Amino acid sequence: MTKEIDLSKIISKDLLIVDSVSESKQEVLLELAKLLEKKEYITNAVNFLDDVYLRESEGITGIGNGIAIPHGKSKAVKKTTVAIAVLKNEINWETLDEKGVKVVILFAVQDTDATTTHILLLQQVAILLANDNFLDSLKEVSSVDQLYEIFVNEK
């Protein structure tokens, strides 16, 4: 049996954005990284983004169905967490289904968590993303509260 992570301990309402007006992958990643820095989950947005782009160069993080899950294991991360942006409009992203992205789930992972928490977190979110009802709800959220609720209450 896989150990589950309580997503309410990882996902914080102050790291959720609904109706982001970012128009590109770079813009939305910067928007989320700046939010992580402002809320003190990371020490430096630029250093963190360097690690995210390093990971991006290793393989596609657009998993299809309008979802991208970029992630960075970084010394800049103080506390492993997830920042999420639901975009007002789809943006271009390298994806498995070659379609645009509407939801970006950015994992910020401490170097020390790289093997355990990171894998469990990705696994748990992947299970949620395999659920069509969850995906539909995710793309239709209209508030931060609603976005938070579907992540922490979905089973």
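The structure is a predicted model, in which local features need pLDDT of at least 70 and side-chain atom pairs count only at pLDDT 80 or more, while totals for chains, interfaces and linings use all residues. Residues are numbered from 1 along each chain as its sequence is written, and side-chain values use heavy atoms, with hydrogens and water left out.

The chain contains 6 helices and 6 strands (DSSP runs, numbered from the N terminus: helices H or I of at least four residues, strands E of at least two). From the N terminus, the order of elements is α-β-α-α-β-β-β-β-β-α-α-α. Of the contacts (heavy atoms within 4.5 Å) with a separation of 6 or more, 69% involve residues 24 or more positions apart.

Helix α3 comprises 12 residues, 45-56, and reaches 16 Å from its first C-alpha to its last, close to the 16 Å expected (1.5 Å times one less than its number of residues). At its N-terminal end the helix is capped by N44, of which a side-chain oxygen lies 2.9 Å from the backbone nitrogen of V46. Within α3, A45, F48, L49, V52 and E56 are buried. These buried residues fall within an arc of 95 degrees viewed down the helix axis, so they line one face of α3 (the arc is that of the directions from the axis to the C-beta atoms). They pack against α2 (25-38), β4 (71-74) and β6 (101-110). On the other side of α3, V46 and L54 are exposed (over 50% relative accessible area).

Definitions and conventions. Buried means under 20% relative accessible area, exposed over 50%, partly exposed in between (1.4 Å probe, protein chains only). A polar contact is a pair of N or O atoms within 3.5 Å; within protein, one must be able to donate a hydrogen and the other to accept it, and residues adjacent in sequence count only if both atoms are side-chain atoms.
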